[in-house]
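I opened this notebook page to record what I looked up in one model. The entries run from the whole chain to single residues.

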Amino acid sequence: MKESTEFLILDTIKKHSSLVPLFSAGYSYAKIIEWVRQLEEEKKICFDNMEKRTLTDIGLGRWKVIKKKKIRKRQKKKI
């Protein structure tokens with residue numbers, strides 16, 4: 001999975017605890033489920049006690065790393 005796709009899914013779950021925004025954006029159901037299963041296997045996302053998707057500590061750490069990279073890239077483009 002591309003890093004940009006990984007960030008998109010992690011960010012969506014972090015903000016919405018749901019995958020619905022990805023379906024609304026036009027991503028295929030099969031592809032989203034494939035990506036989510038991969039992230040679940042990597043222990044980056046899970047269900048909380050309210051049955052909502054959430055980021056694990058591993059997933060939150062990965063989200064932060066990718067977010068920092070995106071910020072650095074934007075800053076370099078401005079210079």
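I took helices (H or I, at least four residues) and strands (E, at least two) as DSSP runs, numbered from the N terminus. The model is a predicted one.

**Entry 1, the chain.** I looked up the secondary structure and found 4 helices and 2 strands. Along the sequence I read the order α-α-α-β-β-α. I then noted the extent of the C-alpha atoms, which fill a box of roughly 45 × 30 × 20 Å along the principal axes.

I located α1 at residues 3–16, a run of 14 residues. From first C-alpha to last I read 20 Å, close to the 20 Å expected at 1.5 Å a residue. I listed its buried residues as Thr5, Glu6, Phe7, Ile9, Leu10, Asp11, Thr12 and Ile13. After α1 comes Ser17, for which I noted a positive phi, near 55°.

Which residues form a nonpolar patch on the surface? I found Val20, Phe23 and Tyr29, with about 310 Å² of accessible area together. I placed Tyr29 in helix α3, residues 29–41.

Key
Residues numbered from 1 in each chain as written. Predicted model: local features only at pLDDT ≥ 70, side-chain atom pairs only at ≥ 80, totals over all residues. Heavy atoms only, no water. Expected span 1.5 Å × (residues − 1). Buried < 20%, exposed > 50% of the residue type's maximum accessible area, 1.4 Å probe, protein only. Patch = residues over 30% accessible without salt bridge, like charges linked within 9 Å, V, L, I, M, F, W, Y side chains within 5 Å. Areas by Shrake-Rupley, 256 points an atom, 1.4 Å probe, with all protein chains shown as cover. Salt bridge = Lys/Arg side-chain N within 4 Å of Asp/Glu carboxyl O.
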